[in-house]
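Here are my notes on the model, as numbered points. Please read them with the structure open.

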Amino acid sequence: MTESKPSQITLLGATGSIGVSTLDVISRHTERYQIHALTANTSVEAMEKLCIRWSPAYAVMSDETSAKELSERLQNSDVETQVLAGEAGLLRVVQHEDVDCVVAAIVGAAGLVPTLAAASAGKRILLANKEALVMSGKLFVDTAKENDAVLMPVDSEHNAIFQCLPNCLTSHHSSVKITNQNTKAGIERIWLTASGGPFREYSADQLHDVTPEQAVNHPNWDMGKKISVDSATLMNKGLELIEAYWLFDMDIANIDVVVHPQSVIHSMVTYTDGSVLAQLGNPDMRTPIAHALAWPERIESGVEPLNIFDVAKLDFERPDLDRFPCLRLCYEAIKAGGSATIVLNAANEIAVSAFLDEKIGFTDIAVLIEKTLDEAVMTEDVSSLESILEADRAARIITNNCIAEMH
Ligand code: NAD
Ligand code: MG
């Protein structure tokens with residue numbers, strides 16, 4: 001690998017938390033990886049700096065105005081980056097024939113179209129954008145398989161599980177089919193660990209008064225605002241449950257959530273002989289990113305080695321579905337099937353954004369999601385991108401109406 005030509009990377013969501021961690025890992029291995037394209041929403045200044053640092057062939061901004069501004073700023077530099085805009089720009093840099101690997105690190109539903117396009121184009125996909133998989137489930141996994149895309153989980157829990165699976169399951173995969181082969185592989189159960197978030201010990205009353213500032217302040221992980229709020233409501237663990245269901249094709253009854261406040265064990269797999277395999281490490285996303293980039297090889301990530309003596313103690317608790325109803329709603333949505341998980345994800349995105357804008361309270365997030373799930377007309381047809389996007393659009397309207405009624 002090190003002697004072949006460098007792998008060309010398109011990094012979707014370059015200015016975000018995962019984007020920055022990915023570039024940090026790549027900066028340590030420029031002989032192996034080259035940046036072909038970087039994308040961001042509207043943060044022109046941050047993108048200008050990244051383009052000057054990385055000289056990508058392309059940069060993509062979400063709208064024409066930001067693209068124009070970036071292009072003008074880059075004219076004063078030596079960089080020859082071509083600036084594109086919108087969905088068409090994203091599709092171009094994802095499907096480009098020179099690109100080997102797409103890092104899907106846009107937050108939310110906005111990442112679905114380009115991430116699915118990367119699967120259609122048969123790229124190696126480093127999947128951080130869990131919402132894309134939560135929305136498109138079977139369509140995404142099938143598309144990856146049909147086109148020989150290699151699907152590498154970056155989410156720390158799923159990456160940990162992947163690392164704990166036997167080679168016979170992971171050696172030629174686009175997603176790992178455990179169900180069909182579990183007798184052979186002896187897998188009984190998957191454990192998703194959860195830190196419990198900043199409000200793990202809060203009473204229902206205390207949760208009521210939580211502010212956005214408190215919610216984005218995660219005890220163990222430094223992440224974007226949306227996923228930080230999702231971690232505080234435990235919605236993040238629920239989305240990860242759905243993500244694991246699709247990635248590993250495992251019966252939901254065999255996937256468990258365990259609260260582990262130290263965030264040192266990133267997830268576990270129980271085997272039929274009584275063995276439990278776990279992946280441990282400091283909570284730093286550069287480890288799963290480096291693993292997903294280099295697999296089946298291993299590369300240095302910049303992460304400090306885990307000092308097990310400093311950790312000293314590992315605690316485990318059951319999640320409390322009464323205080324954290326978002327996790328319960330995820331279990332229910334996955335059991336309901338069809339468009340329920342799309343509706344849940346859309347309602348959550350709208351509710352989290354309203355919470356961050358101080359339009360609703362913390363505990364209203366779950367209330368709004370439940371209301372939207374009750375009111376939405378569910379469909380079984382989630383087999384095309386159009387039907388998925390339609391279910392997403394319709395759910396957003398319902399949640400926005402519910403918020404309007406609250407004022
Ligand atoms: P972030 O908010 O820090 O960054 C999001 C990136 O997406 C930014 O580059 C932003 O410019 C871009 N973006 C936002 N909206 C966009 C839009 N409408 N169109 C195009 N681009 C847009 O988020 P993050 O924490 O880096 O998370 C990214 C994804 O990775 C999320 O799906 C999250 O759940 C997942 N993830 C993150 C972590 C973490 O530690 N941060 C861990 C596991 C999974
Ligand atoms: Mg995670």
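1. The largest cavity is lined by Ser156, Asn159, Trp221, His266, Gln279, Asn282, Asp284, Thr287 and Pro288. About 50 Å³ of space lies in this cavity. A search of the whole structure finds 1 cavity of 30 Å³ or more. A cavity is a set of points on a 1 Å grid over the protein atoms alone, where a 1.4 Å probe fits but cannot get out; lining residues have an atom within 4 Å of a point. Grid points are joined across faces, edges and corners, and the volume is the space filled by probe spheres set on the points.

2. This is a predicted model: local features need pLDDT of at least 70, side-chain atom pairs count only at pLDDT 80 or more, and totals for chains, interfaces and linings use all residues. Residues are numbered from 1 along each chain as its sequence is written, chains are lettered from A and ligands numbered from 1 in the order in which they are written, and side-chain values use heavy atoms, with hydrogens and water left out.

3. Helices α7 and α14 each supply at least two lining residues. Helices (H or I, at least four residues) and strands (E, at least two) are DSSP runs, numbered from the N terminus.

4. Helix α7 (residues 156-164) is mostly covered, with 8 of its 9 residues buried. Buried means under 20% relative accessible area, exposed over 50%, partly exposed in between (1.4 Å probe, protein chains only). The buried residues of α7 include Ser156 and Asn159, both of which also line the largest cavity.

5. Leu247 sits in helix α13. Leu247 is buried, at 3% relative accessible area. Its contacts (heavy atoms within 4.5 Å) are Leu133, Leu151, Pro153, His158, Ser175 and Val176, not counting residues up to four places away in sequence.

6. The second largest pocket holds about 270 Å³ of space. A pocket is an open set of points with protein on both sides within 12 Å along at least five of seven lines. Its lining has 15 residues, and Ser136, Gly137, Lys138, Trp246 and Val382 lie nearest the centre. Helices α6 (130-146) and α13 are the elements that give two or more residues to this lining. The largest share, 7 residues, comes from α6. By type, the lining has 7 nonpolar, 6 polar and 2 charged residues.

7. Helix α18 (residues 364-375) has 12 residues and reaches 16 Å from first C-alpha to last, close to the 16 Å expected at 1.5 Å a residue. The expected span is 1.5 Å times one less than the number of residues. Ile365, Ala366, Leu368, Ile369, Thr372 and Leu373 are buried in α18. They cover an arc of only 160° around the axis, which puts them on the same side of α18. That arc is taken from the directions from the helix axis to the C-beta atoms. The buried residues pack against α12 (225-233), α13 (235-248), α16 (325-336), α17 (340-356) and α19 (385-406).

8. Is His260 buried or exposed? His260 counts as buried, because its relative accessibility is 0%. His260 lies in the loop between β9 (255-259) and β10 (265-271).

Terms used: Nonpolar A, V, L, I, M, F, W, Y, C, P; charged D, E, K, R; others polar.
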